[in-house]
Amino acid sequence: CETATALNVELYHAYERNWAYQVQFYQQNPIISYARNYLVRKFLESDYTDMIFVDSDVAFPGGTLCKLADYPVDIVGAAYPYRNDTGEFPIRYIEERTELWADPNTGLIEVAGLPAGCLRITRACIEKLCSSHPELLYADMEGNQTYSLFEFTRESGQFFGEDWAFCNLARKEGFKIWVSPELDMTHTGTKIYKGNLGFKLKNRTPMDELLSFVERNK
């Protein structure tokens, strides 16, 4: 499995930095929102400072997760392409911004939302969201007290998946959502789809810009 290989290689990079690194699997439930909330609870029960979601259909070169953990921000993800041949990435850009710029200090791009398939979140962020939203506390299927930070929602008549909903929640609490554009990622479907967001953005044509604008403003 591409993902398992990537996680094993990452162990060596964490070891070189003298970082504690633990992989927590959850395979017993097909409901992705339930699985993410379960993993958040397990993380909060630990002493770790950062958690990184890694879905079983994404992979990356060694050192990728360490790079994500090293950024001085609370929420940052690696962009992977859709599982199709379009070469596009499932990212929501900030609608009111007509230009796209990377932060000069980190190289990160602020976005409105991105998938949680390779997403790093700090403990401080998660604890803040939990303390600010006690109404999200519920008893899971095993009776454990769990915060529903990831849940399918509808807002203003629009459906949001669990990862988009988390990004919306975090932004309302003042957190910024960042994407690291220079990371090579793969997304496995009927075949392995490879992509690098930075390369895609640097090689856009004027027509790509127009189509992107039309898509954002439908």
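This is a predicted model: local features need pLDDT of at least 70, side-chain atom pairs count only at pLDDT 80 or more; totals for chains, interfaces and linings use all residues.
**Reading a sheet, a core and a helix face**

User: Which residue in β12 does His187 stand opposite?

Analyst: His187 stands opposite Tyr193.

User: How should I read the nonpolar cores, and what is the general idea behind them?

Analyst: In soluble globular proteins, nonpolar side chains tend to be buried together. In this model the largest nonpolar core has 34 residues, and Ile75, Ile121 and Leu149 are those with the most contacts inside it. Several elements give two or more residues to this core, including α2 (32-44), β1 (50-54), β5 (118-122), α4 (123-132) and α5 (162-172). The element that gives the most is α2, with six residues. Another core, of 17 residues, lies apart from this one, and Ala59, Leu108, Trp178 and Leu183 are among its members.

User: Which residues is Leu149 in contact with, if I leave aside its neighbours within four places in sequence?

Analyst: On that basis, Leu149 is in contact with Asn37, Val40, Ile126, Leu129, Cys130, Leu136, Phe166 and Leu169.

User: Which residues of α4 are buried, and why do they line one face of the helix?

Analyst: The general idea is that an α-helix has 3.6 residues a turn, so residues three or four places apart point the same way. In α4 the buried residues are Arg123, Cys125, Ile126, Leu129 and Cys130. Seen down the axis of α4, these buried residues fall within an arc of 165°, and therefore they line one face of the helix. They pack against α2, β1, β3 (75-78), β5, β7 (145-147) and α5.

User: Where is His133 found, and does it count as buried or exposed?

Analyst: His133 is found in the loop between α4 and β6 (137-139). The cut-off needed here is that a residue is buried when its relative accessible area is under 20%, so His133, at 14% relative accessibility, counts as buried.

User: What does His133 touch, not counting residues up to four places away in sequence?

Analyst: His133 touches Tyr147, Leu169 and Glu173 when those residues are not counted. The side chain of His133 also makes a polar contact, at 2.8 Å, with the side chain of Glu135.

Note on methods: Residues are numbered from 1 along each chain as its sequence is written. Side-chain values use heavy atoms; hydrogens and water are left out. A nonpolar core is a set of buried Ala, Val, Leu, Ile, Met, Phe, Trp, Tyr and Cys residues joined through side-chain atoms within 4.5 Å. Buried means under 20% relative accessible area, exposed over 50%, partly exposed in between (1.4 Å probe, protein chains only). Helices (H or I, at least four residues) and strands (E, at least two) are DSSP runs, numbered from the N terminus. Contact means heavy atoms within 4.5 Å. The arc is that of the directions from the helix axis to the C-beta atoms. Two strands pair if DSSP finds at least two bridges between them. A polar contact is a pair of N or O atoms within 3.5 Å; within protein, one must be able to donate a hydrogen and the other to accept it, and residues adjacent in sequence count only if both atoms are side-chain atoms.
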